[in-house]
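Dear colleague,

I am passing on the structure that we spoke about, with the notes that I made while going through it. Please look at it first and then read on.

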Amino acid sequence: MEELKKRLLATGRELERLGLSTVGPAKGSCSVRDRHTNRVYITPSGKSYRDVGEEELVVTDLDGQLLEGSKPSVDLIFHRAIYRARPETGAVIHLHTPYATAFAILRQEIPVCMQALANTVGDAIPIAGFALPGTDELGANIVAAMKGRINAVLMANHGMVVAAPTPEEALSIAATVELAAQATIAARSIDVPTALTQEEIDGARGFYAKRFFN
Ligand SMILES: [Zn+2]
């Protein structure tokens, strides 16, 4: 669907504008799923989102069968795994932002110290076990870490991945995760941060009208 292609590219370009996506091998990947047809639209590998035209987007079905375009991102395999496991998911964003990736390298979850993280994810950001890119194992590890309810995960020694109903919401969650990681690291350089209690997290989720949740 043309509108979804436009929104996918707009999201990728906004990720670049915000400095959340870089160029080259650490660019990450972005996809949307048309929930009526189950078609997945994903950015091609290698190119900056600025330089990708709508006609270059890769379209596949949920089995990975190529319908349009060529050279999908190697990340397609785990994007598909998330869409299969989470029917409400309409968009997936994967990034290698430095602060979230710092936690991923440490294999430590990002605790809910920042209220905005309670609003948008509602849980600590867990670690998905390490697996090589392009393997089914990587997708399985991400889906397992999401536990059917968490919309953001850190891929061990790799980066973050976010799932949401729309690409705009996925971008918003990804930006919040990176900011929370940055603020938590800054706080740790001063003293030991205080994490929100489960009651406080639950309260923040309710306040946000469950927009980002199932
Ligand atoms: Zn990656």
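Are His94 and His158 buried or exposed? Taking buried to mean under 20% relative accessible area, exposed over 50% and partly exposed in between, with a 1.4 Å probe and protein chains only, His94 is buried and His158 is buried too.

Before the rest, please note that this is a predicted model, in which local features need pLDDT of at least 70 and side-chain atom pairs count only at pLDDT 80 or more, while totals for chains, interfaces and linings use all residues. Residues are numbered from 1 along each chain as its sequence is written, and side-chain values use heavy atoms, with hydrogens and water left out.

The zinc ion is coordinated through NE2 of His94, His96 and His158, at 2.0 to 2.1 Å; donors here are N, O and S atoms within 2.8 Å of the metal (3.2 Å for Na, K and Ca), and since water is not among the atoms, sites may look incomplete. Along the chain, these donors follow the spacing H-x1-H-x61-H. His94, in strand S5 (residues 91-95), and His158, in the loop between strand S7 (152-155) and strand S8 (159-164), are 64 residues apart and link distant parts of the chain.

As for the whole protein chain, its secondary structure comes to seven helices and eight strands, counted as DSSP runs from the N terminus (helices H or I, at least four residues; strands E, at least two). Buried residues make up 49% of its 214 residues, and its C-alpha atoms fill a box of roughly 50 × 35 × 30 Å along the principal axes.
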